[in-house]
Amino acid sequence: MFAKIYEKIKEFIKENYKELIVLLVIVLLFTVELPFKIYTPGGAVNLNDRITVEDGYEVEGSFNMAYVSMVRGSIPFLLISYVIPDWDIVSSEDLTIEGENMDQALARDRLYMQQSIDAAIINAYKAAGKDITIIRTINEVSYLTKEADTDLKIGDQILSVNGENISSLEDLKAIIGNMDAGERVSLKVLRDEEEKECFAVTYEAEGMKIGVSLLTTYEYETDPEVTITSRASEAGSSGGLMMSLSIYNQLVEEDITGGKKIVGTGTIDIEGNVGEIGGVKYKLIGAVKNDAEIFMCPEENYEEAVSVAEDKGYDITIVSVATFEEAIKKLDELNSSN
């Protein structure tokens with residue numbers, strides 16, 4: 001029986017080997033990924049669909065979070081990128097920090113996204129004069145240097161160092177600064193909802209270090225409650241500014257969109273400072289394709305955004321801001337002038 005099946009398969013391959021080779025080549029072309037990624041114009045996420053404030057005010061316009069699309073570096077897509085002007089090839093190494101892989105970079109970007117959500121909520125509630133109580137800070141490992149001798153992982157919440165509770169990176173530095181090079185540090189961390197004992201070894205590099213960077217997020221209570229939904233594929237901190245404006249807009253009676261579709265990008269910290277982002281070219285193109293009337297970006301990205309708009313003949317208002325407060329003020333000025 002098996003001999004007959006084998007002979008049939010053998011005969012099929014012999015009769016169709018050319019087609020099978022072509023099929024195999026096509027499959028390999030699309031599945032074998034080279035160490036490159038391709039940036040392409042992205043789109044915009046309507047935050048009215050993602051953010052809900054309990055008993056929040058209705059809005060006519062919308063704040064939209066701009067994003068960049070990325071295509072994997074298979075050979076056909078790489079070839080297409082030489083034909084399509086707005087497809088740009090980047091090395092995978094440029095998307096990661098030395099010594100780490102894409103999974104580690106993605107894990108850190110997810111932490112950045114949570115940090116941006118926290119900062120957006122805190123800024124919006126404070127600016128709107130609504131109640132927000134910060135219960136505690138959460139310090140998570142966001143990066144490990146190649147010199148680090150440790151079993152810590154990105155995403156670990158550090159609870160204590162050498163038996164001392166810490167609330168910030170400064171607390172960690174103070175403890176490490178009193179140690180000698182080569183000493184073993186005991187760290188209690190929370191990993192996957194379980195407490196674990198970890199270690200790190202100190203070394204001298206412009207001060208005493210263990211090769212760890214921390215990122216701070218927060219546990220808090222708000223009144224009214226706010227709910228933000230996101231997809232598992234989403235990461236990074238560049239949506240912070242637009243999230244903060246969308247939350248604020250539901251907390252106050254005046255619709256600061258002025259009924260317009262506003263697409264934008266920019267990081268935001270807990271003090272309300274708006275930070276530079278990458279890929280503004282692709283985000284602006286995506287905003288125009290999504291019929292945005294206003295594009296908002298950090299002041300560091302303004303010149304590039306204006307240059308792209310002029311080169312492509314876009315009819316869109318570009319607004320640059322340095323702080324959350326300035327963003328509200330400029331929107332108010334735009335609404336007043338119309």
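Helix α8 spans residues 324–337 and holds both Glu 326 and Lys 330. The two sit 4 residues apart, about one turn of the helix. Helices here are DSSP runs of H or I with at least four residues, strands are E runs of at least two, and both are numbered from the N terminus.

Glu 326 and Lys 330 form a salt bridge, with the closest N and O atoms 3.3 Å apart. The term means a side-chain nitrogen of Lys or Arg within 4 Å of a carboxyl oxygen of Asp or Glu. Glu 326 is partly exposed at 24% relative accessibility. Lys 330 is partly exposed too, with a relative accessible area of 24%. The classes are buried (under 20% relative accessible area), exposed (over 50%) and partly exposed (in between), using a 1.4 Å probe and protein chains only.

## Basis of the values

The model is predicted: local features need pLDDT of at least 70, side-chain atom pairs count only at pLDDT 80 or more, and totals for chains, interfaces and linings use all residues. Residues are numbered from 1 along each chain as its sequence is written, and side-chain values use heavy atoms, leaving out hydrogens and water.

## Pairs that link separate parts

How many salt bridges does the structure hold? There are 3. One of them joins Glu 219 to Arg 136, with 2.6 Å between the closest N and O atoms. Glu 219 lies in strand β12 (residues 212–223) and Arg 136 in strand β5 (residues 131–144), so this pair ties together parts 83 residues apart in sequence. Glu 219 is partly exposed at 32%. Arg 136 is partly exposed at 38%.

Asp 156 and Arg 191 also meet in a salt bridge, at 2.8 Å from N to O. Asp 156 lies in the loop between β5 and β6 (157–161), while Arg 191 belongs to strand β8 (residues 184–191), so the pair ties together parts 35 residues apart in sequence. Asp 156 is buried, with a relative accessible area of 1%. Arg 191 is buried at 15%.

## A negative surface patch

Glu 54, Asp 55, Asp 131, Asp 223 and Glu 225 form a negative surface patch. Patch residues have over 30% relative accessible area and no salt bridge; like charges are joined within 9 Å, and nonpolar side chains (Val, Leu, Ile, Met, Phe, Trp, Tyr) within 5 Å. Asp and Glu count as negative. A charge is placed at CG of Asp or CD of Glu.

Asp 55 sits in the loop between β2 (51–53) and β3 (62–74). Asp 55 is exposed, with a relative accessible area of 74%.

How values were computed: Areas by Shrake-Rupley, 256 points an atom, 1.4 Å probe, with all protein chains shown as cover.
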